[in-house]
Amino acid sequence: MGINETFMSACQVLFGQPIGELAEFAPYLREMVDQPAQAASNLSGKKVYLSRPYSKEAKFIDVAEATGKPSTLSINDIKDIDSVLSALPEKLSYCGNKNLGTSVGVVESDMCNDSFDVISSQNVISSKHVAYSNGVRQSEGVFGCQLGGEVQFSMHSQVFFFSRRCFDAYLCFHSSDVYCSFNCRNCQEAMFSFNQSSKRHMIGNLEISKEKYLPLKRKLAEEIAGVLKTKKSFPSVFDILKKGAING
């Protein structure tokens with residue numbers, strides 16, 4: 001299964017229906033995530049992706065262009081500290097596209113290790129099917145997320161670990177099926193809820209029975225999907241206090 005198919009499967013799980021192609025949501029998924037910077041290799045002109053900022057005067061190469069043979073300074077370059085500091089920028093280049101280990105299918109990304117099927121991401125470790133994300137480890141099906149570990153089928157979320165099926169969730173740990181929520185720990189089935197621990201079947205911090213929760217969840221998830229289909233975005237929990245956040 002490719003990354004686009006995984007995205008559509010994740011949406012089917014999260015919203016009960018597909019909402020479109022992954023590429024259609026790139027601006028939305030990127031909006032709250034640190035993205036790799038771009039530069040050109042001073043050797044080949046090839047695009048180089050970088051996981052951290054560098055000086056504007058710095059030179060770059062693709063990691064594959066590194067020969068392994070270090071440059072040396074001349075005897076005149078080491079006569080004093082000013083000479084050394086002046087000579088080094090001419091000899092050194094930073095490496096980009098550092099996708100190492102058994103990484104396969106990694107594009108427009110940097111600092112990805114032992115990962116598969118990664119697009120426009122950085123600092124990804126032992127993960128697969130990751131797009132527009134930063135700081136992800138041991139995860140699968142992660143789209144537009146930042147700082148997560150051991151998460152699965154999640155979208156537009158940040159700082160969440162050991163969690164599954166999260167949409168627009170922030171500071172969530174050991175939780176599952178969390179939508180548009182903040183600081184939920186060890187929670188299952190929560191929507192629009194905040195600062196909760198060891199709770200389940202909650203909407204707006206109100207805990208209700210499973211029988212009442214599931215149809216309401218289905219309805220709200222379908223409405224979220226409708227907004228995503230139409231606008232290719234959805235207000236984050238940081239926007240919900242703005243009047244008319246969906247219609248504005």
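**Entry 1: the overview.** I counted 4 helices and 21 strands in the protein. I kept in mind that this is a predicted model. Of the 248 residues, 43% are buried. Next I looked at contacts between residues at least 6 apart in sequence, and 31% of them join residues at least 24 apart. The accessible surface is about 12800 Å², with 55% of it belonging to carbon and sulfur atoms.

**Entry 2: the cores.** I reminded myself that nonpolar side chains tend to be buried together in soluble globular proteins. Which residues have the most contacts inside the largest nonpolar core? I found F7, F15, I19, L29, M155, F167 and L228, in a core of 29 residues. The elements giving two or more residues to this core are α1 (3–15), α2 (26–30), β14 (152–155), β16 (164–173), β17 (176–185) and α4 (210–231). α1 provides the largest share, 6 residues. I then picked out F167: leaving aside residues up to four places away in sequence, its contacts include L14, F15, M155, V178, I224 and L228. Apart from this core I noted another one of 16 residues, with C145, C166, A169 and C172 among them.

**Entry 3: helix α4.** I checked the span of α4: its 22 residues reach 31 Å from first C-alpha to last, close to the 32 Å expected. Its buried residues are Y213, K217, A221, I224, A225, V227 and L228. Seen down the axis of α4, they fall within an arc of 155 degrees, so they line one face of the helix. The buried residues of α4 pack against α1, α2, β16, β17, β18 (188–191) and β20 (200–203). On the face turned away from the buried side I found the exposed residues E211, K212, R218 and T230. Just after α4, K232 takes a positive phi of about 60 degrees.

**Entry 4: aromatic rings.** My tally came to 10 aromatic pairs. For F60 and Y94, the ring centres are 6.1 Å apart and the planes at 35 degrees, so I wrote the pair down as tilted. F60 is in strand β3 and Y94 in strand β4, so the pair ties together parts 34 residues apart in sequence. F60 is buried, at 9% relative accessible area, whereas Y94 is partly exposed, at 43%. Finally, I saw that ring pairs link F7, F25 and F143 into a cluster.

Methods:
Residues numbered from 1 in each chain as written. Predicted model: local features only at pLDDT ≥ 70, side-chain atom pairs only at ≥ 80, totals over all residues. Heavy atoms only, no water. Buried < 20%, exposed > 50% of the residue type's maximum accessible area, 1.4 Å probe, protein only. Contact = heavy atoms within 4.5 Å. Areas by Shrake-Rupley, 256 points an atom, 1.4 Å probe, with all protein chains shown as cover. Core = buried A, V, L, I, M, F, W, Y, C linked by side-chain atoms within 4.5 Å. Expected span 1.5 Å × (residues − 1). Arc of directions from axis to C-beta. Phe/Tyr/Trp six-rings, centres within 6.5 Å; stacked < 30°, edge-to-face > 60°.
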